[in-house]
Amino acid sequence: MSQSTRLIHAELFKLRTTSMGWLFAVATVISTVVMFVINAVSANSLLKPFDQFVALETHGHGHGGRVSAEFLARLQSEWQLGHSAITQATTLYTSGQLIGVLLACLLGIVLITGEYHHQTATTTFLQTPRRTRVVAGKLGTAIIVAAASWLVSTVLSVVAGAIFLHHLGYGTELGHWGVLRAILLNLAAYAIWAVFGVGFGALVRSQLGATVAATVLYLVGASAASSVFDLVHTYWINKDWVLTLQVIVPEVASAVMISPTKTFDQSPAEWVGAAVLIAYGIVAGLVGTSILRRRDIA
Amino acid sequence: MDDGRIVVSGLTKQYPGLIAVNDLSFTVEPGRVTGFLGPNGAGKTTTLRMLLNLVMPTAGTATVGGRRYVDLEQPDRVVGAVLEASSAHKGRTGRNHLRACCITAGLPLSRAEEVLETVGLMPAADRKFKGYSLGMKQRLGIASAMLGDPRVLILDEPANGLDPEGIRWMREFLQGLAAEGRTVLVSSHLLSEMQALAEDVVIVAAGRLVRQGAVAEVLASMAGDTQIQVGTPDPETLAAALRAIGAVVQPGGPGTLLVSRTSAAVVGDTALAAGVAVHHLSTDQPDLEDVFLTLTSEKATIR
């Protein structure tokens, strides 16, 4: 067995022999189930004819003209975007993604920060004094575990989603390339977020600091970025490319990458999102590794 | 067994506002236990960590068998190190900790069982690390250091937290390893421990080398001023006679002289030749712990 294979094997063994491993598995399954239910409820409305959709969305208050024209227009646009079995199949089949990539990122972080948090760094770096090899092993491990998490989440979502769509009278839509591509790009998102996590963990050594920072950035990053770019667009540079530039925020890049339809009106092509996310992964990995190589373990 | 000599050369570690290790050089030979001795804060741990590529030196080099630790392809098979009692994950069992080490090092999992047996930890092998006593943690540390059957053993304050029986077990274990031709470097802040364990000693204080050599020689040189107490009714005559043969004589109270740079036998012979009666003759062994403290406290310990 080559050294890098051994290191990955050892990291997987270490995950299996603490509570970390099954906590991650349980979180993956629970988040997939919860997000699938939310997406299924939404798909159930959107796939209905428009008048039934309005009735569902307004809880029956839509009859008798009590819904404002403005609200109705918004519902109309939402329904037009979502009233497609392909779109809903994509959303359902990638249900685990929203929380799943965050979990993959956190796993990547903890693989590094856990060494300091649990004071195992001495043992680890004594056994493998070439620290870039340690980081490489953890990168490989993070990608493998993230891919496994994607597989579990995808199998759950596709099986449940296909049954659900069949129940509504639609096909599985799995023959549609856009749907398959979204599922595969979703795998790439899991892997890249895991790589980003390893780099981020090397950068921010504190376990609590790194995980909290990553979670907050992930959860509010996209909406915060959207507000900032909207302000710039409205008050400063009134050009469309300003809004397109939102893709430099990792969360936005991730959404752009896997979404089969446009995430927002000015969003660039999927590959731009992928390129941005990969660039973040590489930069975080390189900077984190170079810092970690010189850091004293005391 | 291959050359397992440790060579530390001009090793220096500077932290902001503190030089933890200052131009330190010494050699550790295979086949003997070498004590690395100094008060707390002398830079022992920092030195050992620089030797093992855990702390980056500001200047200088440290090699094992002529190679830097970072350049060892299979470090587990060359150097075994026990640096702190808590270097395993609290939630993992001792056996699984050792197995993870085996996988990393490319060793068969059966080595984990063998070293558990060696250090007598088999009964606690499936208990989680957080339930271990300090002594059990030390034994697990030694077990993981022994996995690759290394020719060099480095231990940082291994006696900490051990009961007397554990200390004796450790002493016999390390001396046995040295007898097999391995290099054994053990740090400690207790001179008495090193007197019982080590053949060679490297003494440091305030990040600098104080003495290095065989324990007996270093102790003899430390104890160079052995004093002889002699009681006589005629101190003036005896003092003159002793000074005449080159001894250093000081008054030691009524009818008593304190003599150094000679031996009790010479003092007795000189008294006989001078025709002076001797009522009392004794040699004072200076307390080595005191001498060690004096020697190392000359370098300020709080920096």
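**Terms and what they rest on**

Analyst: Start with the two chains: 30 residues of chain B are in contact with 25 residues of chain A. This is a predicted model.

User: What makes a residue of chain B count as in contact with chain A?

Analyst: The cut-off is a C-beta distance within 7 Å. On the side of chain B that touches chain A, helix H2 (residues 94–105) of chain B gives the most, with seven residues. That side of chain B divides into 15 nonpolar, nine polar and six charged residues.

User: Why is Arg92(B) called buried?

Analyst: A residue is buried if 20 or more other C-beta atoms lie within 10 Å of its own. Arg92(B) has 23 C-beta neighbours inside 10 Å, so Arg92(B) counts as buried.

User: Where is Arg92(B) found, and what does Arg92(B) touch?

Analyst: Arg92(B) is in the loop between strand S5 (79–82) and H2 of chain B. Not counting residues up to four places away in sequence, Arg92(B) touches Thr17(A) and Thr18(A) as well as His97(B), Lys128(B) and Phe129(B). Between Arg92(B) and Asp126(B) there are 8.8 Å in space, C-alpha to C-alpha, with the two residues 34 apart in sequence.

User: Which strands make up the open sheet of chain B, and what makes a strand an edge strand there?

Analyst: The order is S2-S1-S4 (chain B), with antiparallel pairing. Strand S2 (18–28) and strand S4 (59–64) of chain B each have a single partner strand, so one side of each is left without a neighbour in the sheet, and both stand at the edges. Direction ignored, neighbouring strands of this sheet are turned by 20° against each other on average.

User: How do you know that strand S1 of chain B pairs with S4(B)?

Analyst: Pairing requires at least two bridges. Strand S1 (residues 6–15) of chain B and S4(B) have five bridges, in the antiparallel sense, and so they meet the definition of a pair. Val7(B) stands opposite Thr63(B) in S4(B). Helix H1 (residues 44–51) of chain B lies across S1, S2 and S4 of chain B, and runs at about 115° to S1(B).

User: Which residues touch the most other members of the largest nonpolar core?

Analyst: Cys105(A), Leu107(A), Ala194(A) and Ile154(B) do, in a core of 143 residues. Helix H9 (residues 177–203) of chain A supplies the largest share of this core, 16 residues. Ala194(A) touches Ala104(A), Cys105(A), Leu107(A), Gly108(A), Ala142(A), Ile143(A) and Ala146(A), not counting residues up to four places away in sequence. Another core, of ten residues, lies apart from the largest one, and Leu238(B), Leu242(B), Ala271(B) and Val276(B) are among its members.

User: How many helices and strands does chain A have?

Analyst: Chain A has 13 helices and zero strands. Of the 298 residues of chain A, 41% count as buried. The C-alpha atoms of chain A fill a box of roughly 75 × 50 × 30 Å, taken along the principal axes. Among contacts in chain A between residues at least 6 apart in sequence, 80% join residues at least 24 apart.

User: What confidence values come with the model?

Analyst: For chain B the mean pLDDT is 89, and 93% of the residues of chain B reach 70 or more. The model scores ipTM 0.85 and pTM 0.84.

Methods: Residues numbered from 1 in each chain as written. Chains lettered and ligands numbered in written order. Predicted model: local features only at pLDDT ≥ 70, side-chain atom pairs only at ≥ 80, totals over all residues. Helix = DSSP H or I, 4+ residues; strand = E, 2+ residues; numbered from the N terminus. Nonpolar A, V, L, I, M, F, W, Y, C, P; charged D, E, K, R; others polar. Axes fitted to C-alpha atoms, helices over the stretch in contact; angles between N-to-C directions. Core = buried A, V, L, I, M, F, W, Y, C linked by C-beta atoms within 7 Å. Buried ≥ 20, exposed ≤ 12 C-beta atoms within 10 Å, placed from the backbone. pLDDT = per-residue confidence, 0-100.
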